[in-house]
Amino acid sequence: MTDSDSYSDRGNRDRSIANPHGRGDLAGFRAGTARPSTESAYLAGIGMTGGYGKGADILHDCTISVDRGEIAVIVGPNGAGKSTAMKAVFGMLDLRGGYVSLDGQDITDLSPQDRVVAGMGFVPQVRNIFPSLTVEENLEMGAFIRRDDVRATMEQIYDLFPILRDKRRQPAGELSGGQRQQVAVGRALMTKPKVLMLDEPTAGVSPIVMDELFDRIIEVARTGIPILMVEQNARQALEIADKGYVLVQGANAYAGTGAELLADPEVRKSFLGG
Ligand SMILES: Nc1ncnc2c1ncn2[C@@H]1O[C@H](COP(=O)(O)OP(=O)(O)OP(=O)(O)O)[C@@H](O)[C@H]1O
Ligand SMILES: [Mg+2]
């Protein structure tokens, strides 16, 4: 697929022609339903089905996406498959169905490393820093695909997270939880990604630190980097989300704007504590 217009509303509407994986049933989803129309989104995992190795499927026809200028948030109960969906979009899972597209290109067959080269940054939920390396070494490791001078990018990250400048010579493992998450986000930014994926960036931090992290994430989004983020602080995350997804048992349960989901009685009752 080379014609990015085939993903748009104006283009070819026959999905069996428009996408090489032959899914033809994606038309008709709109915000407020289980799954919004996403074919034209900047980064999208569409109709993803698959699991780990030869194990049972974890994802069932799961669709998540983020468009330019957006913060998209994925929420749902523990074990719903949120991290699995993120890993699938990043290429860490062999999909049995569905596909992943980036800027109109089908990237389903790219390795994670090639996806980084293509412009994706990913902060996984666990083991997202090197604890024994210093803060600065962590950032340098983040720049592994770059051959040019990375110091300007590092300065930008220190401007975004000033505490990391102060602690740059300290082993990252000695930092507080919130500071370690800043290292992880900073490390992902070192490749100058065109889109950033964050899996629970505020896990295990206090409400004040959570608010600060969200402010920094909004700041990153304002620099023009779309953000696809999993959050267990569902209410707060949906407040800053342009678009939200509720995943349950590996499938889309609800989708809409952040405000729509926050106002939806069913979503409130089942996922936001009333
Ligand atoms: N590496 C793995 N190998 C096999 N099964 C896994 C692996 N990682 C997760 N799973 C299984 O996949 C399912 C979904 O897990 P996943 O981590 O994606 O959920 P989650 O929504 O991110 O949960 P949480 O809110 O706890 O982070 C669970 O049943 C889990 O046991
Ligand atoms: Mg998870």
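This is a predicted model: local features need pLDDT of at least 70, side-chain atom pairs count only at pLDDT 80 or more; totals for chains, interfaces and linings use all residues.
This is a short walk through one protein chain and the ligand beside it, given as a talk at a group meeting.

Let me start with the overall picture. The protein chain has 274 residues, and 42% of them count as buried. Secondary structure comes to eleven helices and ten strands. If you take the contacts with a separation of 6 or more, 66% of them are between residues 24 or more positions apart.

Now the sheets. Strands in a sheet pair through backbone hydrogen bonds, in either the parallel or the antiparallel sense. There's an open sheet of six strands here, and the order is β6-β7-β8-β3-β9-β10, with mixed pairing. At the edges sit β6, residues 120–123, and β10, and each of these pairs on one side only. On average, neighbouring strands in this sheet are turned by 15 degrees against each other, if you ignore direction.

β3 covers residues 71–75, and it pairs with β9 in the parallel sense over four bridges.

Val 246 stands opposite Tyr 254 in β10. The two strands form a hairpin with two residues between them, and Gln 249 in the turn has a positive phi of about 50 degrees.

Next, the other sheet. This one is open as well, with four strands in the order β2-β1-β4-β5 and antiparallel pairing. β2, 57–66, and β5, 105–106, are at the edges with a single partner strand each, so each has one side left without a neighbour in the sheet. Further in, β1, residues 43–51, pairs with β4, residues 97–102, in the antiparallel sense over five bridges. Gly 45 has Val 100 as its bridge partner in β4.

I'd like to stop at one residue of β2, namely Val 66. Why do we call Val 66 buried? Because 26 other C-beta atoms lie within 10 Å, and the cut-off is 20 or more. What does Val 66 contact, once you leave aside neighbours within four places in sequence? The list includes Ala 41, Tyr 42 and Leu 43, then Ala 72, Val 195, and also Pro 226, Ile 227 and Leu 228. And there's Leu 196: Val 66 and Leu 196 are 130 residues apart in sequence, but 9.7 Å apart in space, C-alpha to C-alpha.

On to helix packing. Two packed helices are described by the angle between their axes and the distance between the axes. For α4, residues 135–142, and α7, residues 177–189, the angle is about 35 degrees and the axes are 7 Å apart. Their crossing is right-handed. On the α4 side, the contact is made by Val 135, Asn 138, Leu 139, Met 141 and Gly 142, and on the α7 side by Val 183, Gly 186, Arg 187 and Ala 188. Those residues divide into five nonpolar, three polar and one charged. α7 also lies across β6 and β7, the latter being 195–199, and runs at about 165 degrees to β6.

Last stop, the ligand, which I know is the part you've been waiting for. Which residues come nearest to ligand 1? Of the 13 around it, those are Tyr 52, Asn 78, Lys 82, Ser 83 and Thr 84. By type, the shell divides into three nonpolar, nine polar and one charged. Helix α2, residues 82–90, gives the largest share of the shell, with three residues.

α2 itself is mostly covered, with eight of its nine residues buried. Just after α2 comes Gly 91, with a positive phi of about 90 degrees.

That's my tour, thanks. Happy to go back to any of it.

Technical notes. Residues are numbered from 1 along each chain as its sequence is written. Chains are lettered from A and ligands numbered from 1 in the order in which they are written. A residue is near a molecule or strand if its C-beta atom, placed from the backbone, lies within 6 Å of it. Ala, Val, Leu, Ile, Met, Phe, Trp, Tyr, Cys and Pro count as nonpolar, Asp, Glu, Lys and Arg as charged, and the others, Gly among them, as polar. A residue is buried if 20 or more other C-beta atoms lie within 10 Å of its own, exposed if 12 or fewer, and partly exposed in between; C-beta atoms are placed from the backbone. Two strands pair if DSSP finds at least two bridges between them. Two residues are in contact if their C-beta atoms, placed from the backbone, lie within 7 Å. Axes are lines fitted to C-alpha atoms, for helices over the stretch in contact, and angles run from 0 to 180 degrees between N-to-C directions. A crossing is left-handed if the near helix is turned anticlockwise from the far one by less than a right angle, and right-handed if clockwise.
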